[in-house]
Amino acid sequence: MSVPSLCSLCLCGEFNENTSAPNTSPRPRLMYLTCHHMHIPDGYLSPSTCASLYAAAMPFWAMALRRLKRNLMSRFVPMVALVAAFSFVVMMFNLPLPGGTTGHATGVAIAAIVVGPWGAVAAISVALLIQALFFGDGGITAFGANSFNIAVVGALVAWVAYRLIAGNAPLTSRLRVVAAAVAGYLAINASALVAAIEFGIQPMLFHDATGAPLYAPYPLHIAVPAMMIGHLTFAGLAEAILSGGVVAYLQRADLRLLCGSAPDAADETASAAVMRPLWIGVAALMVLTPLGLLAAGRAWGEWSAADFADPAARAQIAAVSNNVLPGNVPAGLAHLSSIWTAPLRGYAPPLLQHAAIGYLLSAMFGVGVVVLATFALRLLATRERSQ
Amino acid sequence: MRRSFIERTLAALLRAMEHAAASERLSGGRGFLQSVDPRVKLLGCISLIVAAAVSRRLTLLGVLFVAVAVVALATRIPAAQLLRAWAILFAFTAAIALPALFTTPGDAIGSVAGLTITLQGMRSAAFLVSRVETSATLGLILVASTPWSRLIAALRSLHVPAAVVLIISMTYRYIFLLLRTAEEMFTARRSRSVGALRPAERRRMATSTAGVLLGKSMTLADGVYDAMRSRGFRGEVYLLDDFRMRSRDWGAAAVFAAAAALAFWRGLR
């Protein structure tokens, strides 16, 4: 028996059709629709929004096409085609998530890492077109919107995040796994946010004579949280797990696929040299810690409940806030500030009477804890890898 | 009993293959639109989808839906499958639209469990459902009446560049190989699994399978490239798009154009 279940992740109107067993009927069914998070179907966006998003995607498609034409005689063309096919298939994978649930990913970050941003724009657009045209996933009028959201915004955000985080770390560095996971997470959430904004502006702009919304009916303050809650949690996690997991697998099995997105990757032996600027930076920041003692008053917005009760502190707050000041200690602040008391409150241990020495000791203690935690994590990671 | 992620993935992969097989079977059959030029169907269906998107009249959307349903039946899409598709689409679009009955501000026309239903909310939900049903049926008609190779070639009539059409055609062909490969990998894994895997192992298994699939895809890309070179590919793309308009195609084009023009005209008034 077929039991359809509503996609809990989004407003896309698509769905998973859960069957208790794969269909073994000899007669094939012409019905395939499955949720891919934010593939917008026809009918949710106005024609003018769709036209604007076709226009917005056009320069990116033109760039991708230029790259394709320039490399028509190279392996790039079949690579883009196969990455598109891979992305199509991987969207059907049920990825197990923490907490016992499962989710789908788009593979947009993997595509960007393997064939670069323009290759990914082309590959994901082609996968989306085939889904819209042949499989009914996502609308034909909304193809420009889906391409802009997932192929353009998703691929470019993934590429930038991956390159920024991974830097020139060695190809086998664990940092690349983290970078891919973060890139996937950010890419899918950026795509979802853009889609949510597109949905959210519909009721503002398009309604009939009675005032009824003609397209997606939810305004921004409903559409954005409804989309983002699902994507910041399940869908984002699925994309992070897929992207990080595939990069970790490629590090073990096929490093050559990671080379394209890491032209300046350092050798494994040079990893110490890669970390050197970071350590120099940390040391410099530690040396500069006493500068904090020169700052007068409190940083804007870092006030405590006691500051709101103290007349002198209230005068300072009012002076730096255009004389806008709550009449009393804000109730939420008073309640929350009683829950947890930091061990080094005000950056000064209670046993030390001298505030400046306490401040410096707190700084050194804080940096020490971070460095120790980093070493402990690194040790654990190395041990796990050697096992 | 709740199915494992392997079984759910297998079901999804099989559904995609089933869908493609079904549309290929139908498009090769003898229906109302099967023998019409693919360019006419592509442009005609897109015009009607745009006409449905533009419409500000619920009655017009209703008429359009009925007309499209008749064409779908004439295209020999089995009625049971059509009804099933509509029912599922209706259930899910209605579920998405349901809160709009209460959240859309406007004139109250009733209440359920203390929540006020507005006229504007009802109309908004009706617009959404009717547009989604009509557009999805038009999409279904298009793939059920046109073999994929002809439909891809027809994209040239929308001025899609030849290089892009080449990639789309290559992608579509290899999707099925990768679907089969993924299905075999998951089946092989399921046949070797005894008992339940721990969550972290499940995740590692799923991502490693994706990694293997990516590796195989890239090996395949190398093979495709070598094959293209060995056949003398020099960067020029030739497509089999030798379409010729016959009198029947002109007739179909005229009907599509008239229907779309009428729908635009009535829908915007």
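Start with the contact between the two chains: select 87 residues of chain B and 76 residues of chain A, where two residues are in contact if their C-beta atoms, placed from the backbone, lie within 7 Å. This is a predicted model, in which local features need pLDDT of at least 70, side-chain atom pairs count only at pLDDT 80 or more, and totals for chains, interfaces and linings use all residues. Residues are numbered from 1 along each chain as its sequence is written, and chains are lettered from A and ligands numbered from 1 in the order in which they are written.

On the chain B side of this contact, select helix 8 (199-230), one of the elements that give two or more residues; helices (H or I, at least four residues) and strands (E, at least two) are DSSP runs, numbered from the N terminus. Helix 8 of chain B provides the largest share of that side, 19 residues. By type, the chain B side has 56 nonpolar, 19 polar and twelve charged residues. Here Ala, Val, Leu, Ile, Met, Phe, Trp, Tyr, Cys and Pro count as nonpolar, Asp, Glu, Lys and Arg as charged, and the others, Gly among them, as polar.

Next, select helix 4 of chain B. Its 25 residues should span 36 Å at 1.5 Å a residue, and its end C-alpha atoms are 36 Å apart, which agrees; the expected span is 1.5 Å times one less than the number of residues. Go to B:Ala95 for a kink of about 35°, shortly before the proline B:Pro99. The bend at a residue is the angle between axes fitted to the seven residues ending there and the seven starting there. Buried residues of this helix include B:Leu89, B:Phe92 and B:Ile96; buried means 20 or more other C-beta atoms within 10 Å of a residue's own, exposed 12 or fewer, and partly exposed in between.

Now colour chain A by pLDDT, the predictor's confidence in each residue, from 0 to 100. The average for chain A is 80, and 80% of the residues score at least 70. Confidence in chain A is lowest in strand 1 (residues 2-6), at a mean of 34, and highest in helix 4 (residues 143-166), at 95. Residues 1-28 of chain A have a pLDDT below 50, and this stretch has 76 contacts in the model beyond near neighbours in sequence.

Finish at A:Val194, in helix 5 (residues 174-205) of chain A. A:Val194 counts as buried because it has 22 C-beta neighbours inside 10 Å. Beyond four places in sequence, A:Val194 is in contact with A:Asn149 and A:Val153.
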